[in-house]
Amino acid sequence: MQSSMASLGGTPSGNNRNYIASVTIEHFKSFKHTVTVGLRPGLNILVGANGTGKSNVLDAILFALVQEPSTLNVRGWSELYNNLHAGPCAVQLLISPSSPT
């Protein structure tokens, strides 16, 4: 079974697949500033100390794709905002086609 969290479609033969090329996170959960995380086709690994927001990057992707608080293990939208910022939070995904394999 061939599967990738960042793979968003394509043909059954595996050609012409799209992937999430970057995630821009603004005032979302632990991110008090705007942060852009670049991704490549295939497996991507986030490494860092505890409490640096690694799991919040995945939550940001889920927020952008699903937009249901229950998938993010929160009770409501207000738990997604960074408490140190008075404005709205935002997540932007850049979807890019990968080269045919």
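**Entry 1: the whole chain**

I began with the surface. The accessible surface of the chain is about 6800 Å², and carbon and sulfur atoms hold 53% of it. I note here that the model is predicted. Of the 101 residues in the chain, 33% are buried. I then looked at contacts with a separation of 6 or more, and 56% of them are between residues 24 or more positions apart.

**Entry 2: the elements**

I listed one helix and three strands. Along the sequence I read them in the pattern β-β-α-β.

I then turned to the pair of strand 1 and strand 2. Strand 1 covers residues 18-26 and is joined to strand 2 by five bridges, the two running antiparallel. I looked up Val23 and found its bridge partner in strand 2 to be Val37.

**Entry 3: the helix on the sheet**

I checked the length of the helix next. Helix 1 has 12 residues and reaches 18 Å from its first C-alpha to its last, which is close to the 16 Å expected at 1.5 Å a residue. After helix 1 comes Gln67, and I noted its positive phi, near 55 degrees.

I also looked for buried residues in the helix. In helix 1 I found Asn56, Val57, Asp59, Ala60, Ile61 and Phe63 buried. Their cover includes strand 1, strand 2 and strand 3.

**Entry 4: a salt bridge**

How many salt bridges are there? I counted one salt bridge. Asp59 forms it with Lys29, and the closest N and O atoms are 2.5 Å apart. Asp59 belongs to helix 1 and Lys29 to the loop between strand 1 and strand 2, so the pair ties together parts that are 30 residues apart in sequence. I checked the cover of both residues: Asp59 is buried, and Lys29 is buried too.

**Entry 5: Ser22**

I picked a residue of strand 1, namely Ser22. Is Ser22 buried or exposed? The relative accessible area of Ser22 is 13%, and buried means under 20%, so Ser22 is buried. I then looked up what Ser22 touches, leaving out residues up to four places away in sequence. I found Thr36, Val37, Gly38, Leu39, Gln92, Leu93 and Leu94. One of these, Val37, is the residue I had noted as the bridge partner of Val23.

**Entry 6: Arg40**

Last I went to Arg40, which I found in the loop between strand 2 and helix 1. The relative accessibility of Arg40 is 65%, and exposed means over 50%, so Arg40 counts as exposed. How far apart are Arg40 and Ser98 in sequence and in space? I found them 58 residues apart in sequence and 8.9 Å apart in space, from C-alpha to C-alpha.

Key
Residues are numbered from 1 along each chain as its sequence is written. This is a predicted model: local features need pLDDT of at least 70, side-chain atom pairs count only at pLDDT 80 or more; totals for chains, interfaces and linings use all residues. Side-chain values use heavy atoms; hydrogens and water are left out. Two strands pair if DSSP finds at least two bridges between them. Helices (H or I, at least four residues) and strands (E, at least two) are DSSP runs, numbered from the N terminus. The expected span of a helix is 1.5 Å times one less than its number of residues. Buried means under 20% relative accessible area, exposed over 50%, partly exposed in between (1.4 Å probe, protein chains only). Contact means heavy atoms within 4.5 Å. Accessible areas come from the Shrake-Rupley method with a 1.4 Å probe; for residues, only the protein chains shown count as cover. A salt bridge is a side-chain nitrogen of Lys or Arg within 4 Å of a carboxyl oxygen of Asp or Glu.
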